[in-house]
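The following note sets out several points on the packing and strand pairing of this model. It is intended to be read beside the sequence and coordinates.

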Amino acid sequence: MNEATENGTREGLELVYPAVYADVGEAVRVRLRATRWWPALRWAARGAGALALCAAAVALFLPREPEPGTAVKMVLLGLVAVGAAELVPWGTARSVFVMARSQGEVRAVVDEDGGRWITRDTDVRVRWAMLPRYVETPRLFVLLTARRSGTGFAYLPKSGLADPADADRLRAVLDRNIRRA
């Protein structure tokens, strides 16, 4: 927890965990919900889907000669719009997970200065100024960049803590250094 010890060194709270798709997927969904553009994109896609269904209804029921071909095209267009938007979280999580899984087990150390993530091929240190917000879920602590238009995030799964009581210690470190989103 970044306190001075008897020998004068500083300690951090350590988490050790493998990349798990459920954790990555949840972190991506938290990140997307924290942006400005994601809710707007989802509603725009749903609106486009509704308009396409309305156009299909018009093509079938208003003209003297129904146009089933146009109606089918409109329904398909609406499904593509909604489906594409709804697949963004899955596609993003999948690509992040594949990259993370290839790195093997993650060792993260969180202290008063920030976090350090160490994998087979990486050793990344991030100061709190880079990730000044966080969201806690039942499974994770998701650290977020300051800009709501940004895409940066890191996650710390509670399953990676050595002791369940360490979640309170980690929450205290986060609360002292960054704010809840």
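1. Helices (H or I, at least four residues) and strands (E, at least two) are DSSP runs, numbered from the N terminus. On this basis V98 lies in helix α3. Residues are numbered from 1 along each chain as its sequence is written. The model is predicted, so that local features need pLDDT of at least 70 and side-chain atom pairs count only at pLDDT 80 or more, while totals for chains, interfaces and linings use all residues, and side-chain values use heavy atoms, with hydrogens and water left out.

2. V98 is partly exposed, since its relative accessible area is 36%; buried means under 20%, exposed over 50%, and partly exposed in between (1.4 Å probe, protein chains only). The C-alpha atoms of V98 and W43 are separated by 29 Å, the two residues being 55 apart along the chain.

3. Helix α1 (residues 21–33) and helix α3 (residues 68–101) have axes that come within 9 Å and cross at roughly 130°. That angle makes α1 oblique to α3. Axes are lines fitted to C-alpha atoms, for helices over the stretch in contact, and angles run from 0 to 180 degrees between N-to-C directions. Angles under 35 degrees count as roughly parallel, over 145 as roughly antiparallel, 65 to 115 as roughly perpendicular, and the rest as oblique.

4. Which residues make the contact between α1 and α3? From α1 come Y21, V24, G25, V28, R29 and L32, and from α3 come V88, P89, W90, T92, A93, R94, V96 and F97; contact means heavy atoms within 4.5 Å. By class, ten of these residues are nonpolar, two polar and two charged. Here Ala, Val, Leu, Ile, Met, Phe, Trp, Tyr, Cys and Pro count as nonpolar, Asp, Glu, Lys and Arg as charged, and the others, Gly among them, as polar.

5. Four strands form an open, antiparallel sheet in the order β1-β2-β3-β4, where two strands pair if DSSP finds at least two bridges between them. From one strand to the next the twist averages 15°. Helix α4 (residues 166–177) packs on the sheet and touches β1 and β2, its direction making about 120° with that of β1.

6. Strand β2 (residues 106–111) is joined to β3 by five bridges, and the two run antiparallel; A108 has W117 as its bridge partner in β3. Five bridges also join the antiparallel strands β3 (residues 114–118) and β4 (residues 123–127). G114 stands opposite R127 in β4, and a hairpin of four residues connects β3 to β4.
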